[in-house]
Amino acid sequence: DDTDPEKAGAKLIKRNLSDIAAMGGRPGPAVLALLAGPDLSTTWLEAFFDGIREACLAFDIPLTGGDITQTSLGQFSAVLTLTGHTDKPLLRGKAAIGHSIFVTGTLGGSILGKHINFTPRLEQGQWLAARSDCSALMDLTDGLAKDLPALLADACTAALQPDHIPIAEDARTLARKTGKSPLEHAFTDGEDYELLFAIEKNT
């Protein structure tokens with residue numbers, strides 16, 4: 001309720017684009033399914049679609065169809081299926097012993113605005129996919145602490161240097177309100193929509 005409908009519509013597109021970026025892919029056509037209660041404001045829905053349209057135009061995505069279904073009072077759901085393609089998909093679960101781990105951008109404090117105002121890392125994902133030394137790639141949506149194990153190969157663990165974690169200024173701002181450390185926010189807040197990736201050494 002506290003998010004502008006245009007921004008909510010744009011986020012629906014952008015969070016799916018982040019999934020495409022997480023494999024080094026390029027986005028293709030999308031389809032949209034809506035479930036709406038009979039009390040849904042058409043003014044709100046029009047603004048929601050304005051956000052979808054602007055994001056589709058910005059990232060050159062054709063919205064080719066979908067479906068609308070009525071549901072219960074007070075209910076609304078929007079489900080986007082976004083296609084994509086890549087010649088060399090980068091997968092998670094491949095970071096092995098001796099590989100170095102990196103992240104694009106800064107982490108933490110996303111609730112102060114980044115969770116809705118972010119740019120999916122499509123160009124960076126495509127650049128990484130073109131490299132021969134990038135072994136694993138994913139996007140950060142649940143937070144570094146929860147997402148990192150998925151980047152690693154079986155029976156591997158990661159050794160991180162806390163003073164090298166790129167902490168967002170919003171994480172520091174939020175820490176002054178919550179009593180948690182900025183580092184904890186960087187590890188656990190989620191919805192950073194940055195790319196987490198591993199690079200093989202000596203290649």
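I looked up Asp-133 and Arg-131 and found their side chains joined in a salt bridge, 2.7 Å from N to O. I count a salt bridge when a side-chain nitrogen of Lys or Arg is within 4 Å of a carboxyl oxygen of Asp or Glu. Asp-133 is buried at 8% relative accessibility, whereas Arg-131 is partly exposed at 28%. Here buried means under 20% relative accessible area, exposed over 50%, and partly exposed in between (1.4 Å probe, protein chains only).

This is a predicted model, in which local features need pLDDT of at least 70 and side-chain atom pairs pLDDT 80 or more, while totals for chains, interfaces and linings use all residues. I number residues from 1 along each chain as its sequence is written, and side-chain values use heavy atoms, with hydrogens and water left out.

I next searched the whole structure and noted five salt bridges. One of them pairs Glu-191 with Lys-11, at 2.5 Å from N to O. Glu-191 sits in the loop between helix H6 (182-188) and strand S6 (195-199), and Lys-11 in helix H1 (residues 5-21), 180 residues apart. Helices (H or I, at least four residues) and strands (E, at least two) are DSSP runs, numbered from the N terminus. Glu-191 is partly exposed at 26%, and Lys-11 is buried at 13%.

I then checked Lys-114, which forms a salt bridge with Glu-194, their closest N and O atoms being 2.6 Å apart. Lys-114 lies in the loop between strand S4 (100-103) and helix H3 (122-129) and Glu-194 in the loop between H6 and S6, so the pair ties together parts 80 residues apart in sequence. Both Lys-114 and Glu-194 are buried.
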